[in-house]
Amino acid sequence: MKKNDDDRYVALMRGINVGGKNMLPMKDLVGLFEKAGCTDVKNYIQSGNIVFTAKPVLVKTIAEVIAKAVEKKFKFAVPVVIRSRDDIHAVANDNPFLKAGVDVERLHVVFLKDRPSAEMAKILDPNRSPGDFFELRGADIFLSITSAAKTKITNAYLDSKLKTVSTGRNWRTVLKLQEMLDASG
C-alpha cells in the first residue's frame with residue numbers, strides 16, 4: 001500500500017468550526033497541509049479532519065507546523081492530533097463496546113496526543129458520568145455514551161487528568177476516516 005516511504009495519516013483538530021467559533025475554511029486548511037509538504041490532502045466534514053500522505057520524517061513535526069500556521073493565519077490556537085492509517089485500523093477493529101454489541105450511535109473515540117502513564121490512567125473516575133463507559137487503550141479512549149452533549153467525560157476533564165490534549169470523534173466519523181485512508185495514497 002505504501003508509495004516509497006510515504007504513508008497515509010489523519011490529522012484530527014479540536015474545536016474548528018464549532019458553534020460559530022474558530023472558523024477555518026477547509027480549503028485553507030488543506031492548503032496549509034500542502035504547503036507543509038503533504039500530498040493527496042483531503043478533508044472530511046468541516047470540523048478539522050484532514051487525511052494526507054507524507055513521509056514519516058514530516059509527520060513527526062506536522063502537528064506543530066499546522067498548529068503554528070493556523071495560529072499565525074487565523075489567530076487562534078488549535079490542538080492537532082495525528083494518527084497513522086494503521087492506528088485508525090487498530091481502533092476500528094478493536095472497539096470493545098462494538099464487540100459487546102453496543103449501539104453504534106453511542107460509540108465515540110477520544111484520540112490523545114500523548115499516551116498517558118499507568119499512574120495517570122488510574123486517576124480517571126469510571127463513575128464520573130453515570131450511564132457512560134470508557135476504556136483507555138494506549139493513546140485512545142473508547143467511549144460508550146448516552147449523549148455527547150451531556151456526558152461528563154469531556155475533553156477538558158481528560159486533558160486535565162491525563163496532562164495531554166484530546167479530541168473526540170463519533171464512530172461513523174472514525175469509520176469514514178478509515179475508508180478515506182484506504183481510498184488513495
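Started with α6 and what its buried residues pack against: β5 (107-112), α5 (118-121), β7 (140-144) and β8. This is a predicted model, so I keep in mind that local features here need pLDDT of at least 70.

Which residues of α6 are buried? I get Tyr157, Leu158, Asp159 and Leu162. Three of those names I would have guessed; I made a note of Asp159, an acidic residue that is on the buried list too.

Next I walked off the end of the helix. Just after α6, Lys163 takes a positive phi of about 55°. Lys163 sits in the loop that runs between α6 (155-162) and β8 (166-170). I flagged the angle because most residues other than glycine have a negative phi. Lys163 is not a glycine, yet its phi is positive.

Buried or exposed, this Lys163? Exposed: its relative accessibility comes to 61%, and the cut-off for that label is over 50%.

Then I looked for another case and found Lys75. Its phi is near 65°, again positive in a residue other than glycine. Where does Lys75 lie? I place it in the loop between α2 (56-74) and β4 (80-84). Lys75 is exposed as well, with a relative accessible area of 67%.

Zoomed out after that. I count 7 helices and 8 strands in the protein chain. The radius of gyration is 16 Å, close to the 16 Å the globule rule gives for 185 residues, so the chain is as compact as a globular protein of that length. For the box, I took the C-alpha atoms along the principal axes and got roughly 45 × 40 × 30 Å.

How much of the chain is buried? Of the 185 residues, 44% count as buried.

Last entry, charges. I have 30 positive and 22 negative side chains in the protein chain. The centres of the two sets lie 5 Å apart.

Terms used. Residues numbered from 1 in each chain as written. Predicted model: local features only at pLDDT ≥ 70, side-chain atom pairs only at ≥ 80, totals over all residues. Heavy atoms only, no water. Helix = DSSP H or I, 4+ residues; strand = E, 2+ residues; numbered from the N terminus. Rg over C-alpha atoms; globule rule 2.2 N^0.38 Å. Buried < 20%, exposed > 50% of the residue type's maximum accessible area, 1.4 Å probe, protein only. Charge placed at Lys NZ, Arg CZ, Asp CG, Glu CD. Contact = heavy atoms within 4.5 Å.
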